[in-house]
Amino acid sequence: MPSGAELKLPRNAFLSKQWERIPEKRRLPFAVFATTQVLFLLWWAAFFPGALSYDSITYVWHVTTDNWMSNHSVVYDSLVWLSLNTTGDLWILTLAQTVAMSATLAYCAGTLRKWGVRQRWAAVAACVPALLPPTAVFVIFVWKDVPFVIGSILAFGAAGRLAARRARGRQTVRDKDFYRTVALLFLGFLAVALFRNNGMLVAVVAAPILLIALPSMRRWVLAATAVPVLIFGLLTAVIYPAAGVKTPPKDAVYAFFYADIAVAYGQRPGFFTKEDKALMSSIAPLSHWKGRAANCYNADWAMESPPMNRPLAAERNDELMALWERVMKRTPDLVIGARVCRAHIAWAIFPGPKELRANTLLSDPQTSKTLFSYLKWNEEIKRSEYRPKLKIRPLSEPLHKVADFSWRTFKVPQLQWLLFRGAIWCYATYAIVLLFRRRTKLKGTTALFAVTLGLQLTVLAANPAPLWRYMIGPIFIGILILPLLRAKPGFGPRPDRTSTGPTESKQQDSDPEPEPAPVA
């Protein structure tokens, strides 16, 4: 029974003939790509030209008024600029996002096959994110987080393929497939680093796990993870400033530190000296520092202006950072506790108190009449020639009603822990991979959760509020991991070969990687 036979062919004679023309090893990715692309196109048409948020309007303001700024991804701003200047609209950008996500999911379906997942289950797992409203609608948002997540899923798929080579005993073979996989691993981490300013931390966290899991590929893995970080640093420190891209104000960059001070002051005001209080009161009333600003779940409350004088905070930033260092030395438990609390979305399965805005903060795929308050204060957006384009104009009104109803149905609080919060999917990913490792005794399997751990710990390191989009990546990966529960690799544990010796023949290097035996 050929491995491709697991995917049922259409009974239509013409379609069957066309299917037979597709090489057997490409049928699974082709089927997944075609299916997910059709599904994404339906969501895209329902919310044409794409779902918008406050950040979406910010990107448009950046690139249409010569206010390029590095507080958001400059690369994504460039894509927004390209879309507006080629089509006068944002639809080409969101359409490209659906194509990129479909291709990535198809690639990951192939990765699952290499671990012995049956084709039908690999296809189902890859198609589910294009069907579920929380994951599908996310893909058609005008957000830098979308290519960031696509990059993280691509890195997961490539890391999984490299690990499968080790499990098969082919970790020292350097063929075209190996170099192609390393290139895609690099591309995934490059997207992760360039599309979110703290995204390079994902590569920093994932790298040690991959280096341990893939000992005979360390040079290549190190290059694929370290070079993207270096490229991000070069762009941020040298190229962007040289190109005239503005750096964000200090009050935006160091907002998390101000919020830490507020949490510590709210809990132990007696630890603060008169000089400390004088500095704080010059920027905001002490009642603010001890009141709303002391909410550890949401840094936005601390930065409300008024009462906080944000320009003055930026001006006196060095003094505030010196105060933060003193607070950290005096009460490290409060500062660390504030960071863990603020990253609630990364580790807690269920949301926190709604009155403190610790609930899961979702962005509806609808455009507010004020463009998320931009029309209240930004004259440039009011007069912008693109203002009429900054709203949802569905290609089909009935389709839009069905899609919007589906989105709102899945938003019910009782389901948010499963569909909008990534923590449960992180823990599921770790458990499934470790159970698979225990059952199969295959080496290198820990590489399968390296990216997920990187995504989770990055949010723990720096996070402003419990925003669902920060943990959507682990949901995609968690769904893809599920079929490993029933996977039956057609190969057993192989002894490690730490170096390519002279006994390896050219024939071995050129042979294609064998597919796992089909499971009846």
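The model is predicted. Two packed helices are described by the angle between their axes and the distance between the axes. Here, helix α14, spanning residues 274-283, packs with helix α18, spanning residues 317-330: their axes come within 11 Å and cross at roughly 130°. Angles over 145 degrees would count as roughly antiparallel and those from 65 to 115 as roughly perpendicular; α14 and α18 are therefore oblique to each other. The crossing of α14 past α18 is left-handed.

Which residues make the contact between α14 and α18? On α14 they are D276, L279, M280 and I283, while α18 contributes E319, L320, L323, R326 and R330. Sorted by class, this contact of α14 with α18 comprises 5 nonpolar and 4 charged residues, with no polar residues.

The side chain of E319 forms a salt bridge with that of R316, with an N to O distance of 2.7 Å. With a relative accessibility of 37%, E319 counts as partly exposed. R316 likewise counts as partly exposed, at 22%, because the buried class requires a value under 20%.

Side chains of opposite charge can pair when their charged atoms come close. How many salt bridges does the structure hold? The total is 22. Among them is the pair of D175 and R170, whose side chains meet at 2.9 Å, N to O. In this pair D175 counts as buried, at 11% relative accessibility, and R170 counts as buried as well, at 9%.

A further salt bridge joins D89 and R393, with the closest N and O atoms 3.0 Å apart. This pair links distant parts of the chain, the two residues being 304 residues apart. D89 lies in the loop between α4 (74-87) and α5 (91-114), whereas R393 lies in the loop between α22 (379-383) and α23 (397-410). Are the two partners buried or exposed? D89 is buried, its relative accessible area being 4%, but R393 is partly exposed, with a value of 23%. The difference in class follows from the cut-off, because only values under 20% count as buried.

Salt bridges also join into a network in this model, which links D55, K144, D145, R196 and R469.

Key: Residues are numbered from 1 along each chain as its sequence is written. This is a predicted model: local features need pLDDT of at least 70, side-chain atom pairs count only at pLDDT 80 or more; totals for chains, interfaces and linings use all residues. Side-chain values use heavy atoms; hydrogens and water are left out. Axes are lines fitted to C-alpha atoms, for helices over the stretch in contact, and angles run from 0 to 180 degrees between N-to-C directions. Helices (H or I, at least four residues) and strands (E, at least two) are DSSP runs, numbered from the N terminus. Angles under 35 degrees count as roughly parallel, over 145 as roughly antiparallel, 65 to 115 as roughly perpendicular and the rest as oblique. A crossing is left-handed if the near helix is turned anticlockwise from the far one by less than a right angle, and right-handed if clockwise. Contact means heavy atoms within 4.5 Å. Ala, Val, Leu, Ile, Met, Phe, Trp, Tyr, Cys and Pro count as nonpolar, Asp, Glu, Lys and Arg as charged, and the others, Gly among them, as polar. A salt bridge is a side-chain nitrogen of Lys or Arg within 4 Å of a carboxyl oxygen of Asp or Glu. Buried means under 20% relative accessible area, exposed over 50%, partly exposed in between (1.4 Å probe, protein chains only).
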